[in-house]
Amino acid sequence: MNANIYPAAFVLMFCFMMPAPDVVAQTAAKPGSGPEHTAEQHRRGPKKIALTDSKGAVARLWKPDLTTLPLTVEHGNITLPRTGVDNYHAVVVEKDRVDLKEVLIRYEYMHGKPSGHSTSELTAAEKTPFEIVPDPVPREHQHYRSDQRWRFFLRFKGTPAAGIPVTLETSHGTRVNAVSDSEGEFSLHIPDDFPDLKEGERDKRTAEFSISAETKDNGILYRTMLSAEYRVNPSHWQSSGLGVAVTGFGMLAGVLLGSIGLTETKRKAR
Amino acid sequence: MNPMKNLSVIRKLVQITAFIFFVYGGTLTGYYLADKVTGALPALSCAYDMQGSDLCTLIPFQHQMDHRLGEAIAGGGNLMMGLMPTLITLGTFLILFVFLNKAFCGWICPLGTFQELLHNLGQKLGLRRRESLDQGLVHRMRPVKWLILLLLVFGFPLMTGIGWVNHDLGDPFCRICPSRILTTLATGDSSQLYLDNANTTTLVLSLIADFMFGLMIALSLTIRQPFCRTCPMLALHAVFRKLGLLRLVKNATPRCDRCGLCAKACPMDISEIHTEMQRRDVTFEDCTLCGRCVEFCPYKDVLQLKYAMIPVFSADPAYFKPRKRAQRNWEQNSLLSILKSGHATLKPKQS
């Protein structure tokens, strides 16, 4: 297996995902030049994906029940249709040439009726021969955030892919490298690289990261990429130390209240 | 007394098992929300606990008020569609609730178990505990749980969805709930113990949360179930308590006037168990169906826990006497008493 990494050379790349009205105004996001946008609460509009080079790309949407829908790529954009089903869906975009197979995967939460299926079924399903699998995908109401470490694993034709270098690259241009272990697992620290952060002020910006890897098998080069959104770590405006201190004050107040109560009880008893 | 015939011991075993299952059971059931047992548990098992096996029904209620009903009202949408998720959650809650009624508080709730264990610790440390709170205080505190249910679980989230208040009030009860801090800390995750400077709302809510968490810990050592008395889940249970199959039933006798042991045993200080002479169903709004009043009632069949009208545990003098002895022994064996007795033996005898 060949393990050279050229993530910047990937032809296929997600820009970002947004409700349809907003995406028109955005430009293609390449590492280092990615636009930032504010994390809106519960974006429910149709989502769009922009590809930097969509020629020959075939896209499918995996629903939580593991059925798939073909997606149309129009002028480099993919609009995700409403499925009416709640939970994570996987967007899989593939480009297949004789000696090069490229794939890009993205897990997107869509709203609707309860699916009755766990996201673990979606991640366990083999969606493409060479795949970066989040382990786990952030749970509902959880997000990838800067300054956090997350686990992933690499799967090649259904088996763990060991010893493969992987690279995480953010839309702010930061790169982090790792190598998959014997079980195909690796963990990556999402960099705290949002510019112009002000300590103590909430920051709702979001950015993109992509994790990429490649391997060679029987003369065919396989390239895979997982992309996702990440947000600013709330530790910039939340203080654990002060939280502990306030809890301490609460305990002190409890002790005082308890002792006052005891004094009253004793007085009454007398 | 054989511990396996002691209802309090049996209850404690059930509570600890439930605590482990609901706080850490996600490793068995699965990580994602779709893997949770019901998603509408009538007990404070927190969704912020990433290892939990289920989550309390107050979370979806707040969420649905904010993002479904509130948005439907604000957007002039179909109100029935906005209300439907809440009705589904309520239906799930009721299916579970019918089986155990308010015993979800006394037997299942992880936060209730934590407070009881702390109280036991206080006993064992020899801290001077208050057997019962002042009845005036108990009565003054009773409306608090209703206010929290109406305002923090339904009111503010709905107003957030309509757009009348800021989004940080979309889930105000979760933001002050001690179970969020406790259950996450129990899994080694300290991310929920914080002071949030984002804005005044988050600052106030996080101040209340942290302060109340500390207060609850300290008070639990000397007072029984301090947070439970203000818990909105208790109020929600109270609304539907007539539907539950498990009930506390009283067959009052004139001797009840003189005794009062049941009220003294009650961890929620419900004096009405003792004074009520007319009603048979004495599952009062604050009752957690823990069964302690039945254990400490000395008169045969005066108090009973009935499941679908079938008595499952009844007051009995044959149970009461050894149970009272066991309680006395339990309370006497504290660290303080051991230290005192050790100190006494070490003292040189004076001739």
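Colleague: What share of the contacts in chain A with a separation of 6 or more comes from residues 24 or more positions apart?

Modeller: One asks how far apart along the chain the two partners of a contact stand. In this predicted model, residues 24 or more positions apart make up 65% of the contacts in chain A that have a separation of 6 or more.

Colleague: How many helices and strands does chain A have, and what percentage of its residues count as buried?

Modeller: Chain A contains 19 strands and three helices. Of its 270 residues, 34% count as buried.

Colleague: In which sense do strand 19 of chain A and strand 1 of chain B pair, parallel or antiparallel?

Modeller: Strand 19 of chain A, residues 238-239, pairs with strand 1 of chain B in the antiparallel sense, over two bridges. Within strand 1 of chain B, Leu195(B) stands opposite Ser239(A).

Colleague: Which domains does the assignment give for chain B, and how far apart do their C-alpha centres lie?

Modeller: The domain assignment gives domain 1 (3-236) and domain 2 (245-327) of chain B. Their C-alpha centres lie 27 Å apart. The contact between these domains takes 23 residues from domain 1 and 20 residues from domain 2. On the side of domain 1 of chain B that touches domain 2, the elements giving two or more residues are helix 1 (7-24), helix 4 (79-100), helix 5 (103-108) and helix 7 (135-162). That side of domain 1 divides into 10 nonpolar, seven polar and six charged residues.

Colleague: Let us end with a single residue. Why does His67(B) count as buried?

Modeller: One counts the neighbours around the residue and compares the count with a cut-off. His67(B) counts as buried because it has 20 C-beta neighbours inside 10 Å, and a residue is buried at 20 or more. His67(B) belongs to helix 3 (residues 58-74) of chain B.

Colleague: How far is the C-alpha atom of His67(B) from that of Tyr24(B)?

Modeller: These C-alpha atoms are separated by 29 Å, and the two residues are 43 residues apart along the chain.

Definitions and conventions. Residues are numbered from 1 along each chain as its sequence is written. Chains are lettered from A and ligands numbered from 1 in the order in which they are written. This is a predicted model: local features need pLDDT of at least 70, side-chain atom pairs count only at pLDDT 80 or more; totals for chains, interfaces and linings use all residues. Two strands pair if DSSP finds at least two bridges between them. Helices (H or I, at least four residues) and strands (E, at least two) are DSSP runs, numbered from the N terminus. Domain bounds come from an automatic or database domain assignment. Two residues are in contact if their C-beta atoms, placed from the backbone, lie within 7 Å. Ala, Val, Leu, Ile, Met, Phe, Trp, Tyr, Cys and Pro count as nonpolar, Asp, Glu, Lys and Arg as charged, and the others, Gly among them, as polar. A residue is buried if 20 or more other C-beta atoms lie within 10 Å of its own, exposed if 12 or fewer, and partly exposed in between; C-beta atoms are placed from the backbone.
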